[in-house]
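Hi everyone, thanks for making time. Have a look at what's on the screen, and I'll talk you through it.

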2 protein chains.
Amino acid sequence: MGLTKTEKFTDKQNQIAQFAKVFGHPARVAILQHLFRIDSCVCGDLVLEVGLAQPTISQHLKELKQLGLIKGNVEGTSVCYCIHKENWTAMKEIMSEFLDQDLSLQQDCC
Amino acid sequence: MGLTKTEKFTDKQNQIAQFAKVFGHPARVAILQHLFRIDSCVCGDLVLEVGLAQPTISQHLKELKQLGLIKGNVEGTSVCYCIHKENWTAMKEIMSEFLDQDLSLQQDCC
DNA sequence: AACATTCATCGTATTATTACAATAAATAAA
DNA sequence: TTTATTTATTGTAATAATACGATGAATGTT
């Protein structure tokens with residue numbers, strides 16, 4: 001069917017998956033890393049930086065924006081993007097809770 | 001096209017995306033959480049726990065195994081799965097480096 | 001106003017992912 | 001050996017994701 005059965009899972013599980021999915025493409029990872037590296041906001045040079053076509057970058061930016069991880073600000077003819085600090089921190093909280101589960105209890109039976 | 005242009009990105013970026021992608025489905029999140037919760041290994045009751053069909057679970061387990069995040073051990077007619085501790089720790093290292101980028105330098109111009 | 005620049009959106013081809021029925025493979029139990 | 005149990009694999013239908021050309025929208029420049 002190709003349709004994720006969201007209703008079978010908890011809100012938390014769906015939320016983790018949603019964040020993870022947006023990081024599940026190297027272009028979006030590259031975009032975010034670039035936004036972190038450049039301490040001011042950045043616009044269309046992401047196209048040059050990442051090396052994909054402009055509509056493709058725009059599409060990836062849209063997904064990052066929809067999840068709230070970045071903000072976009074129109075500045076004249078270009079658009080300035082940056083990390084959404086508060087939301088990034090909130091996301092990190094959720095992802096860390098998942099990633100940092102206690103391994104010491106694990107039996108490693110295999 | 002629908003084909004990720006892996007060659008445009010660094011190994012690190014592709015690796016981050018690959019780990020993130022496997023967490024990008026709530027069923028796999030649920031499977032991993034269950035493997036963490038149960039301090040011994042677990043087999044086919046993941047089907048009951050998660051609520052998807054057996055071939056679907058088997059497919060998700062395969063992906064987690066291929067990335068090295070879980071191990072599977074045949075025990076009689078059933079298979080015992082558990083977290084691969086070392087690889088999980090290594091993955092966490094890589095993901096943390098990405099998630100924990102320094103926000104304090106960010107200008108928040110938008 | 002006319003043109004240029006930058007980004008978003010639309011349309012669409014291609015590939016990937018998800019889910020499951022059917023079936024095979026492997027082992028245990030009778 | 002036959003039967004049951006458990007998991008993996010195969011095949012396939014349906015949906016999602018990726019990428020980009022073409023085009024539109026918005027603003028700046030001349």
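This is a predicted model: local features need pLDDT of at least 70, side-chain atom pairs count only at pLDDT 80 or more; totals for chains, interfaces and linings use all residues.

Residues are numbered from 1 along each chain as its sequence is written, while chains are lettered from A and ligands numbered from 1 in the order in which they are written.

So, what axis am I talking about? In general, two copies of a chain are related by a rotation about an axis and a shift along it.

Now, how many residues does each chain give to the contact? Chain B gives 45 residues and chain A gives 45 residues, where two residues are in contact if their C-beta atoms, placed from the backbone, lie within 7 Å. On the chain B side, the elements giving two or more residues are α1 (11-22), α2 (26-37), β1 (70-75), β2 (78-83) and α5 (85-99). Those labels are DSSP runs numbered from the N terminus: helices are H or I with at least four residues, strands are E with at least two. The largest share of that side, seven residues, is from α5(B). By class, the chain B side has 23 nonpolar, 14 polar and eight charged residues. For the classes, Ala, Val, Leu, Ile, Met, Phe, Trp, Tyr, Cys and Pro count as nonpolar, Asp, Glu, Lys and Arg as charged, and the others, Gly among them, as polar. And 100% of the interface residues of chain B are also interface residues in chain A, so the copies meet through the same surface.

Okay, on to helix packing inside chain A. Two packed helices are described by the angle between their axes and the distance between the axes. Take α1 (residues 11-22) and α5 (residues 85-99) of chain A: their axes come within 10 Å and cross at roughly 110 degrees. That makes α1(A) roughly perpendicular to α5(A). The axes are lines fitted to C-alpha atoms, for helices over the stretch in contact, and angles run from 0 to 180 degrees between N-to-C directions. Angles under 35 degrees count as roughly parallel, over 145 as roughly antiparallel, 65 to 115 as roughly perpendicular and the rest as oblique.

Which residues meet there? From α1(A) we have Gln15(A), Ile16(A) and Phe19(A), and from α5(A) we have Met91(A), Ile94(A), Met95(A) and Phe98(A). This contact has six nonpolar, one polar and no charged residues.

Phe19(A) is buried, with 23 other C-beta atoms within 10 Å. The scale goes like this: 20 or more other C-beta atoms within 10 Å is buried, 12 or fewer is exposed, and in between is partly exposed, with C-beta atoms placed from the backbone. Not counting residues up to four places away in sequence, Phe19(A) touches Leu67(A), Met91(A), Ile94(A) and Met95(A).

The second pair is α2 (residues 26-37) and α4 (residues 54-66) of chain A, which pack at about 75 degrees with axes 10 Å apart. So α2(A) is roughly perpendicular to α4(A). Ala27(A), Arg28(A) and Ile31(A) of α2(A) make the contact with His60(A), Leu61(A), Glu63(A) and Leu64(A) of α4(A). By class, that is four nonpolar, one polar and two charged.

Over in chain B, Ile31(B) sits in helix α2. Is Ile31(B) buried or exposed? Buried, with 24 other C-beta atoms within 10 Å. Leu46(B) is 15 residues from Ile31(B) along the chain, and their C-alpha atoms are separated by 6.8 Å.

Last stop, His84(B), in the loop between β2 and α5 of chain B. With 21 C-beta neighbours inside 10 Å, His84(B) counts as buried. Thanks, that's me done.
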